[in-house]
Amino acid sequence: MKKVRKDRWVPSRLYSYAKRNPCDTWGQFHHRDRKGYRQVKEQLLKDQHGLCAYCEISIKLAEEEDQVDDFRVEHFFPKSETDMESHNYHLDWRNMLGVCHGGSQPHVAEANIRYSAKKWDRSCDVPKGGKAITHKILNPLHIPAEIRLFKYGSFTGEMFVDKETCPERLRKKARNTLRELNLNAPRLMRLRKAAVEVLEDQVEEGIRHGLEMEEILSMLAEGLLVPDEDGAYPNFFTVIRWYLGEEGERILAERNYDI
């Protein structure tokens, strides 16, 4: 999980709709203003640099007519907690995140690696559902960018709270986040392990060409920890950040952790 920096400007169609219909639900907005719904998704995609706000797999858009986007709008505070007299979580831009389907959608592109028929292999907002757990888990909008909270197992892809870098005040929520969002679902562990293996192959390639380790890590950091020409990061940004260590932190510090 990485910091999400949401654009402070509410998408114009959502803003106008909420002003006209302050007590409407997300479903009503979704069905009545399809262009507004697309605008919300486009802004989330941009703000999150193409990554799921929870697991950091890339948001995958449909490539064929019979496929669906591996991308939906998640409300961090459940819509069911809405009290129209005080706050409507349905139409609150600050309550919206872009997430993957958590392995639950068989009709996404790359379904062979993204979908799982096993319910215990689902992640992100799927196990979260509408449960009243928001006070127990990390909100990607409110975590620090300059501190890495998690570390990973190179041989397993397992995700752990990093006690050396995660502030003590956030450790309990970080552990809860792993459990409640099932971020160590076997499907995700396999994908993260594969991401580490790619990095290891790139390091070995650099060594074969006579480069020093520090130079290799620096080159990888400069190539992977900045957005590409489309503004997107590669899958599992925080895994890459962890693997690159001090060189990764140096590049991020030069960018003032604008991630």
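Cys 166 counts as buried because its relative accessibility is 2%, where buried means under 20% relative accessible area, exposed over 50% and partly exposed in between, with a 1.4 Å probe and protein chains only. This is a predicted model, in which local features need pLDDT of at least 70 and side-chain atom pairs count only at pLDDT 80 or more, while totals for chains, interfaces and linings use all residues. Residues are numbered from 1 along each chain as its sequence is written, and side-chain values use heavy atoms, with hydrogens and water left out.

The closest cysteine sulfur to that of Cys 166 belongs to Cys 124, 19 Å away, so the two are too far apart for a bond. Cys 55 is buried as well, at 5% relative accessibility. Its sulfur lies 3.7 Å from that of Cys 124, its closest cysteine sulfur, which is also too far for a bond. Across the whole structure, the search finds zero disulfides, a disulfide being a pair of cysteine sulfur atoms within 2.5 Å.

The surface carries patches of charge. Lys 151, Lys 163, Lys 172 and Arg 175 form a positive patch. Lys 163 sits in the loop between β4 (159-161) and α6 (168-180), and its relative accessible area of 61% makes Lys 163 exposed.

A negative patch consists of Glu 212, Glu 214, Glu 215 and Glu 246. Glu 214 is exposed, at 57% relative accessibility.

Key: Patch = residues over 30% accessible without salt bridge, like charges linked within 9 Å, V, L, I, M, F, W, Y side chains within 5 Å. Areas by Shrake-Rupley, 256 points an atom, 1.4 Å probe, with all protein chains shown as cover. Salt bridge = Lys/Arg side-chain N within 4 Å of Asp/Glu carboxyl O. Lys, Arg positive; Asp, Glu negative; His and termini not counted. Charge placed at Lys NZ, Arg CZ, Asp CG, Glu CD. Helix = DSSP H or I, 4+ residues; strand = E, 2+ residues; numbered from the N terminus.
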